[in-house]
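Open the structure in your viewer and keep the selection tool at hand. The stops below follow one another along the chain.

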Amino acid sequence: MAIKNSNITESAYIHNFNAGPSILPREVIDKASEAILNFNNSGLSILEIGHRTPLFESVMEEARSLVRELMDLDEDHEVLFLHGGATTQFMQVPMNLLNEKDTAAYADTGVWSTKAIKEARLFGNAEIVCSSKESSFNFIPKDFAVPSDSKYFHITTNNTIYGTQWQKIPETSVPLIADMSSDIFSRKLNFNSFALIYAGAQKNMGAAGVNLLVVNKNILGKVNRAIPSIMDYRNHIKEKSMLNTPPVFAVFVSLLTLRWIKENGGVDSFEKRNTQKAELLYSAIDKSNLFNATTVKEDRSKMNVCFVMDDKEMEKKFLEFATENNIYGIKGHRLVGGFRASLYNALPYSSVEYLVEKMEEFEES
Ligand SMILES: *Cc1c(COP(=O)(O)O)cnc(C)c1O
């Protein structure tokens with residue numbers, strides 16, 4: 001049986017632009033497969049070893065220390081791998097940081113921000129200090145103020161669904177918290193300037209089921225509610241991210257990706273590559289008479305490129321044409337329509353060249 005999957009087939013290479021779970025480096029898939037059969041020559045599968053064994057403890061420790069190294073973190077910041085998706089953090093963040101009478105500031109830049117706001121309101125007050133909702137989330141707000149008595153300010157650095165990205169991280173006097181699910185490790189930032197960063201792994205880092213969390217430990221321990229043990233970041237820090245059984249395989253896949261990022265020049269190097277890929281695709285869209293970008297130019301995401309056509313029937317035809325040509329995952333999110341090409345770290349430049357070629361071919365035909 002022919003396997004039809006991302007970069008796995010030998011015969012037909014599939015260009016995987018999926019938004020998430022998304023493309024991983026071929027090397028990571030190979031090594032993850034080997035580890036399922038025989039992990040580190042132990043004769044056991046990674047799926048059947050105890051998590052409190054030297055075999056797995058070294059996976060967790062290396063993964064945490066690689067995050068520290070790639071993000072250039074200081075001693076105040078702790079690195080955790082937690083269960084669940086970014087959605088879990090929508091509630092875990094306010095549970096740990098927001099008292100019932102307190103207010104946190106939120107930027108409302110898309111569906112994921114909106115969901116984070118909704119969850120925060122279960123624990124305290126969440127004030128929307130800026131929003132791009134009125135214009136279908138097609139830009140990043142610029143002029144706004146964060147009240148100085150806010151407990152924290154929450155942003156979504158890359159809006160996966162709408163294709164906008166904070167190109168400049170706002171400076172605030174209050175602790176800054178970011179959902180970086182879809183642009184983690186894609187560009188260089190001063191990560192120490194964040195009080196807390198979280199990211200579901202399945203966009204740019206690994207397999208679904210694990211969350212990366214980076215937290216400045218000085219902001220913890222200030223709420224007066226009782227926090228369930230498994231939800232309390234301090235317990236996870238104390239237990240070195242091994243409070244209970246971690247999602248072993250998902251952590252291992254993240255480790256493989258982190259090693260791959262390091263071997264390929266680190267975050268700086270991926271920022272350059274991601275910029276080149278995005279420039280190539282956006283300039284093709286801007287040149288085209290058929291395709292139109294959906295977002296304001298200066299806020300365009302380098303990770304998720306959203307574009308549409310005026311003619312919805314023609315959109316259907318292009319989608320079919322793309323599928324016939326082994327282009328996978330470019331259907332836009334149902335809220336935006338049209339197309340979305342995700343250009344995560346593992347997507348090669350050649351796939352973007354190929355997509356652009358096919359867009360031009362379609363336009364000419
Ligand atoms: C995908 C995504 C989420 C949700 O992640 P889950 O792992 O499905 O909970 C949250 N925020 C952003 C920015 C995302 O891209």
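What follows is a list of selections, with a note on what is found at each.

This is a predicted model, in which local features need pLDDT of at least 70 and side-chain atom pairs count only at pLDDT 80 or more, while totals for chains, interfaces and linings use all residues. Residues are numbered from 1 along each chain as its sequence is written, and side-chain values use heavy atoms, with hydrogens and water left out.

Begin with Gly-20 and Pro-21, which are joined by a cis peptide bond with omega of about -10°. Pro-21 sits in the loop between strand E1 (15-16) and helix H1 (26-37). Helices (H or I, at least four residues) and strands (E, at least two) are DSSP runs, numbered from the N terminus.

Next, select helix H3, residues 86-97. Its 12 residues reach 16 Å from the first C-alpha to the last, close to the 16 Å expected at 1.5 Å a residue; the expected span is 1.5 Å times one less than the number of residues. H3 is mostly covered, with 10 of its 12 residues buried. Buried means under 20% relative accessible area, exposed over 50%, and partly exposed in between (1.4 Å probe, protein chains only). Among the buried residues of H3 are Phe-90, Val-93, Met-95 and Leu-97.

Move to Ile-117 in helix H4 (residues 111-120). Ile-117 is buried, at a relative accessible area of 3%.

Two serines come next. Ser-136 has phi near 50°, a positive value in a residue other than glycine. Ser-136 belongs to the loop between strand E4 (125-131) and strand E5 (153-156). Is Ser-136 buried or exposed? Ser-136 is exposed, with a relative accessible area of 53%.

Ser-241 also has a positive phi, near 65°, and is likewise not glycine. Look for Ser-241 in the loop between helix H5 (233-238) and helix H6 (248-263). Ser-241 is buried, with a relative accessible area of 3%.

Finish with Glu-353, Glu-357, Glu-360 and Glu-364, which form a negative surface patch. Patches are made of residues with over 30% relative accessible area and no salt bridge, like charges being joined within 9 Å and nonpolar side chains (Val, Leu, Ile, Met, Phe, Trp, Tyr) within 5 Å. A salt bridge is a side-chain nitrogen of Lys or Arg within 4 Å of a carboxyl oxygen of Asp or Glu. Glu-353 lies in helix H9 (residues 349-364) and is partly exposed, with a relative accessible area of 39%.

Conventions:
Areas by Shrake-Rupley, 256 points an atom, 1.4 Å probe, with all protein chains shown as cover. Lys, Arg positive; Asp, Glu negative; His and termini not counted. Charge placed at Lys NZ, Arg CZ, Asp CG, Glu CD.
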